[in-house]
Amino acid sequence: MGTSSKSETTGNGKSNGMGKVNPKTIRDQFLYHLIYTRCKGWRTATDFDKGVALTYAIREFAMNRMISTQKAYIEQDVKRVYYLSMEFLLGRLLENNIAAVGATDAARKALKELDIDFDTMVTQEVDAGLGNGGLGRLAACFLDSLASMGYPGYGYGLRYEHGLFRQEFDNGWQKERPDDWLKYGNPWEVVRPEFTVPVLVYGRIENVTTVGGAKKPVWVDWQMLEGVPYDMPVIGFGVNTVNILRLWSSRATESFRLDVFNQGEYVKAVEEKNWAETITKVLYPSDATHAGKELRLVQEYFLVTCAIRDIIRRYRKNHSSWDQFSLKNAIQLNDTHPALAVSELMRYFIDETDLPWDKAWDITVKSFGYTNHTLMPEALEKWPVDLLQRVLPRHLQIIYEINERFLQQVQLRWPNDMGRVQRMSLIEEGYTRQVRMANLAIVGSHSVNGVSALHSELLKEFTVSDFADMWPERFNNKTNGITHRRWLLVCNPGLSNLITSKIGDGWVQDFDQLKKLEPFAEDKKFRDDFLKVKRSNKERLANIVQDLVGEWIDPDSMYDVQIKRLHEYKRQLLNAMHIIALYHRIKDDPNAEITPRTFIFGAKAAPSYRIAKIIIKLINSLGRKINNDPDVADRLKVVFIPDYSVSLAEIIIPAADLSEQISTAGKEASGTGNMKLSLNGALTIGTLDGANVEIAEEVGDENIFIFGNKTHELVELKKHYNPWDYYNKNPVLRRVIDSIRDNEFVPEEGLLFMDLYRILMEQGDEYFHLADFESYVKTHERVAKLYDDPQEWARRAVLNVARMSKFSSDRTIREYAEDIWDVKQMDIDVPKGTIEECFGPNAS
């Protein structure tokens with residue numbers, strides 16, 4: 001079974017596809033796997049069996065290409081990109097991969113012949129529990145673009161058994177349940193036990209005398225566990241390239257002690273197994289306890305040591321010296337979580353190859369790039385020195401050595417500037433000494449990039465200005481992007497088919513061609529068709545919300561959407577404050593003319609983030625009050641969709657009318673939800689923060705609703721900011737704040753929201769909710785007025801779609817490849833004929 005046809009290539013990693021996939025091929029492979037993989041006959045097969053069989057049938061189209069891709073990489077000894085990330089928020093893979101291999105029509109026809117519903121098959125797949133928010137979704141988009149553009153690339157992450165958590169609401173409060181996404185297995189993955197990696201933790205350092213009489217530090221008395229790799233194919237869209245996402249799972253070197261078991265110590269017999277498997281049990285274990293912090297540190301180290309050893313193993317296949325290591329390997333750190341990779345690579349070179357320090361450091365710096373994702377100093381990761389000393393004693397020694405040599409350079413450059421030395425040190429002095437992981441990543445990388453133009457400038461100006469002064473050439477911007485193949489072609493077929501009917505399908509591979517759509521914004525027939533597509537998507541979402549929440553949301557109302565991680569700086573609370581103001585307006589005048597709106601939220605709060613959980617409770621309480629108030633008469637609805645995920649986003653985003661991107665200016669690094677929503681025809685209300693700045697530049701100021709204080713205005717305002725000034729002069733705002741304080745919404749439950757009141761009024765309103773409230777409300781009035789003119793709304797929405805080509809992750813990856821990684825696109829040929837022709841040196 002499987003495909004073996006050779007594509008025609010067009011250069012630069014592109015091809016004309018894998019040959020036409022016909023329904024009979026899909027049907028035959030599907031039935032084969034139903035019988036021989038699932039061991040089921042037609043009458044006994046469940047929907048689950050059929051879904052797995054279909055997955056294996058589609059997977060076959062990728063396997064030869066996956067082998068051929070790895071074979072080409074090793075035979076041509078190309079430079080490869082390694083993307084290290086604690087998160088890869090993949091979502092469901094089946095429908096996306098069917099589209100990638102060009103089999104969507106064939107699969108639909110084949111299943112229809114078998115009286116199987118295609119949508120049932122693809123929607124029963126479980127989202128992979130490998131990420132939380134924008135960081136992980138960005139990583140997934142980047143893998144898609146690397147493969148689709150023909151770049152040699154790998155993702156390295158962890159195979160979390162339970163992911164983050166499954167969110168439920170109990171009386172409006174978030175409750176966390178295990179996200180058991182691997183309960184029934186993962187048919188996309190292939191275990192690679194032959195590439196298992198030993199991982200050492202804990203222990204102590206002993207200075208051993210060498211043959212020459214010198215003292216050498218040796219790491220002894222460590223505990224060992226193992227990292228087992230699982231590979232998932234990353235299928236390039238319409239090309240032969242299939243890259244690999246390698247996920248590591250932890251296990252004990254000796255999982256079961258029979259001697260202890262036979263002595264009656266049954267729990268102790270599996271103690272080591274349980275401890276080892278804890279490391280990849282859950283994404284982001286709570287760090288509210290010391291044990292949680294320690295587990296997070298071990299988790300991060302587990303990822304980097306597995307990745308570094310795997311990269312070295314692959315490099316050694318073609319090279320006997322280290323001279324070309326940085327010429328063949330580009331290692332990108334996605335935020336500070338994998339920053340220990342710098343010390344791990346140095347440890348390997350110094351301890352296991354005896355490379356001189358200066359040469360090892362030169363190779364290390366040339367190999368690493370670091371992507372920063374935050375402007376908030378408190379969000380830059382730090383680890384207590386005592387904890388590192390206990391868990392990774394040798395790495396702490398190496399970090400000390402890196403720091404000492406680095407600070408000598410700083411002092412030479414800026415003598416007598418001890419303030420600068422203290423700020424730039426890898427070690428933060430204080431009551432609890434800590435290692436600054438962002439500083440380690442910057443010092444150990446040849447490139448440091450932000451993820452939007454504004455973010456990159458603020459990074460250099462405020463967050464790490466000392467480093468930008470020292471190495472201005474290292475700092476650059478790479479504005480984030482999204483894969484339009486998943487976030488338009490697959491998730492919004494109505495709109496993508498409408499676009500293709502007017503400008504052809506060239507935009508799927510060359511997103512710049514989307515600009516051809518712009519003239520159709522002036523075509524009333526096209527605008528009418530556009531509104532029909534939007535209406536259909538809203539009806540689909542309304543049915544989903546009815547099933548999940550038990551609340552009907554009117555497709556004729558404006559769908560006002562805020563879907564993102566719950567954090568104070570993202571200001572879901574500001575959105576709630578506006579809803580309260582609208583509610584008060586209706587209560588004061590039940591006949592008030594108000595544009596009907598449905599406020600749709602989706603967000604998870606970190607388990608230990610108490611304030612975020614209170615905000616969720618507030619929004620759910622608003623929904624309960626407003627949705628059941630006869631005075632409102634369906635002019636307002638508030639729904640909080642539980643367990644927000646990629647799959648839910650693929651339904652919500654095509655249905656959205658208004659995109660809420662309202663973070664405090666200067667706090668959001670980029671955002672990618674803003675791009676996805678604009679691409680699908682939602683207008684944005686937002687601050688000049690993150691990528692909103694560049695979106696406004698692309699779509700035009702008249703086609704986006706910007707409000708609020710700008711970053712530098714807030715810097716000045718902060719010097720004398722007093723939220724009471726705004727409270728006292730604005731009666732609408734005052735009433736909103738008082739209603740939060742007094743819990744007007746569920747008064748029978750007491751003063752639940754006093755902590756929110758204190759944050760806003762007594763603790764300084766760190767995120768400037770009150771300062772931006774009036775501007776936000778007035779801008780919403782402009783939004784409502786425009787929404788009441790459907791043709792003009794549609795015209796501006798179409799212009800948003802047509803002008804989003806800059807925000808493709810293809811563009812972002814091309815910039816990384818050219819400016820940071822120096823990797824080249826390549827064509828992959830898949831052998832035609834016998835299975836034997838597929839085999840050769842395999843660099844997986």
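1. W821 touches K79, V81, L146, A330, Q332, I813 and Y816, leaving aside residues up to four places away in sequence, where contact means heavy atoms within 4.5 Å. This is a predicted model, in which local features need pLDDT of at least 70 and side-chain atom pairs count only at pLDDT 80 or more, while totals for chains, interfaces and linings use all residues. Residues are numbered from 1 along each chain as its sequence is written, and side-chain values use heavy atoms, with hydrogens and water left out.

2. W821 also belongs, with I26 and L541, to the residues that have the most contacts inside the largest nonpolar core, a set of 280 residues. Such a core consists of buried Ala, Val, Leu, Ile, Met, Phe, Trp, Tyr and Cys residues joined through side-chain atoms within 4.5 Å; buried means under 20% relative accessible area, exposed over 50%, and partly exposed in between, with a 1.4 Å probe and protein chains only. Helix α10 (residues 290–315) supplies the largest share of this core, 12 residues. Helices (H or I, at least four residues) and strands (E, at least two) are DSSP runs, numbered from the N terminus.

3. An open sheet of six strands runs in the order β22-β21-β20-β23-β24-β25, with parallel pairing. β22 (636–640) and β25 (705–706) stand at its edges with a single partner strand each, so one side of each is left without a neighbour in the sheet. Two strands are taken to pair if DSSP finds at least two bridges between them.

4. Within that sheet, β23 (residues 658–661) is joined in the parallel sense to β24 over four bridges and to β20 (residues 558–563) over two. S659 has T684 of β24 as its bridge partner, whereas D560 stands opposite L658 in β23. Strand β24 (residues 683–686) is covered on both faces, with L683 and I685 buried on one side and T684 and G686 buried on the other.

5. How many cavities of 30 Å³ or more does the structure hold? There are six, a cavity being a set of points, on a 1 Å grid over the protein atoms alone, where a 1.4 Å probe fits but cannot get out, with lining residues having an atom within 4 Å of a point. Grid points are joined across faces, edges and corners, and a volume is the space filled by probe spheres set on the points.

6. Two or more lining residues come from each of α3 (94–100), α6 (134–148) and β11 (223–235). The lining divides into 10 nonpolar, three polar and three charged residues; Ala, Val, Leu, Ile, Met, Phe, Trp, Tyr, Cys and Pro count as nonpolar, Asp, Glu, Lys and Arg as charged, and the others, Gly among them, as polar.

7. The second largest cavity holds about 80 Å³, and its lining comprises one nonpolar, seven polar and four charged residues. Among them are Q562, K564, Q661, E668, D689 and N692.

8. In helix α31 (residues 754–762), M754, L756, Y757, I759, L760 and M761 are buried. The buried residues of α31 pack against α23 (572–588), α24 (610–627), α29 (723–729), α30 (731–742) and α32 (769–787). Just after α31, G764 takes a positive phi of about 95 degrees.

9. E593, in the loop between α23 and β21 (597–602), counts as exposed at 72% relative accessibility. E593 and R635 are 42 residues apart in sequence and 9.3 Å apart in space, C-alpha to C-alpha.

Technical notes:
On a 1 Å grid over the protein atoms alone, a cavity is a set of points where a 1.4 Å probe fits but cannot get out, and a pocket is an open set with protein on both sides within 12 Å along at least five of seven lines; lining residues have an atom within 4 Å of a point.
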